[in-house]
Amino acid sequence: MDGRMETELLEIKRSLEKALTEAENTEQIFDLLSALERTVLTPKLIKETKLGNVVASVRSKLKGNTKICEKAVSLLASWKKIIESSMK
């Protein structure tokens, strides 16, 4: 299961990176972040895919878009909690 999930997450990551180069494509970026929000991630998947780096880039590059920034911050915070809880 992790292998298939990782492949899907890496595809979302590539799509986010591509959409960031076309910054006017904010609707696609929001949809991709929403897809990530609906996905249940393990600490291992979060670390291996390095999605946090891309989502942080989205937040910083599109800081003028409140809707996207709030979703990015929410994702990063929830992933941080997942990782922290796995270390207890």
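You are looking at a predicted model, in which local features need pLDDT of at least 70 and side-chain atom pairs count only at pLDDT 80 or more, while totals for chains, interfaces and linings use all residues. Residues are numbered from 1 along each chain as its sequence is written, and side-chain values use heavy atoms, with hydrogens and water left out.

**Stop 1: Thr26**

Select Thr26, in helix α2; helices here are DSSP runs of H or I with at least four residues, strands are runs of E with at least two, and both are numbered from the N terminus. With a relative accessible area of 26%, Thr26 is partly exposed. Leaving out residues up to four places away in sequence, Thr26 touches Asn65 and Ile68, where contact means heavy atoms within 4.5 Å.

**Stop 2: α2 against α5**

Colour α2 (residues 26-38) and then α5. Their axes are 10 Å apart and the packing angle is about 25 degrees; axes are lines fitted to C-alpha atoms, for helices over the stretch in contact, and angles run from 0 to 180 degrees between N-to-C directions. That makes α2 roughly parallel to α5, on a scale where angles under 35 degrees count as roughly parallel, over 145 as roughly antiparallel, 65 to 115 as roughly perpendicular and the rest as oblique.

Show side chains next. On the α2 side, pick Thr26, Glu27, Ile29, Phe30, Leu33, Ser34, Leu36 and Glu37; they meet Lys67, Ile68, Lys71, Ala72, Ser74, Leu75 and Trp79 of α5. The contact of α2 with α5 holds 8 nonpolar, 3 polar and 4 charged residues, counting Ala, Val, Leu, Ile, Met, Phe, Trp, Tyr, Cys and Pro as nonpolar, Asp, Glu, Lys and Arg as charged, and the others, Gly among them, as polar.

Zoom in on Glu37, which is in α2. Glu37 is partly exposed, at 40% relative accessible area. Not counting residues up to four places away in sequence, Glu37 touches Lys71, Ser74 and Leu75. If you draw a C-alpha to C-alpha distance from Glu37 to Lys63, 26 residues off in sequence, you get 19 Å.

**Stop 3: α4 against α5**

Keep α5 (residues 66-86) on screen and bring in α4 (residues 51-61). Which way does α4 run relative to α5, roughly parallel or roughly antiparallel? The two axes come within 9 Å and cross at roughly 155 degrees, and that makes α4 roughly antiparallel to α5. From α4, select Leu51, Gly52, Val55, Ala56, Val58 and Arg59; their partners in α5 are Ile68, Cys69, Ala72, Val73, Leu75, Leu76 and Trp79. By class, the contact of α4 with α5 divides into 11 nonpolar, 1 polar and 1 charged.

**Stop 4: α2 against α4**

The angle between α2 and α4 is about 145 degrees, with 12 Å between their axes. Here Ile29, Leu33 and Leu36 of α2 meet Leu51, Val55 and Val58 of α4. The contact of α2 with α4 has 6 nonpolar residues, no polar and no charged ones.

**Stop 5: the core**

Bring everything back. The largest nonpolar core has 25 residues, of which Leu16, Ile29, Leu33, Leu36, Val55, Val58 and Trp79 touch the most other members; such a core is a set of buried Ala, Val, Leu, Ile, Met, Phe, Trp, Tyr and Cys residues joined through side-chain atoms within 4.5 Å. Two or more residues come from each of α1 (2-21), α2, α3, α4 and α5. Centre on Val55: leaving out residues up to four places away in sequence, Val55 touches Leu16, Leu33, Leu36, Ala72, Leu75, Leu76 and Trp79.

**Stop 6**

Finish with two sequence neighbours. Thr49 is in helix α3 and, at 0% relative accessibility, is buried. Beyond its neighbours within four places in sequence, Thr49 is in contact with Glu6, Leu9, Leu10 and Lys13. Lys50 lies in the loop between α3 (43-49) and α4 and is partly exposed, at 48% relative accessibility. Check the backbone of Lys50 too: phi is near 55 degrees, a positive value in a residue other than glycine. Most residues other than glycine have a negative phi.

Technical notes. Buried < 20%, exposed > 50% of the residue type's maximum accessible area, 1.4 Å probe, protein only.
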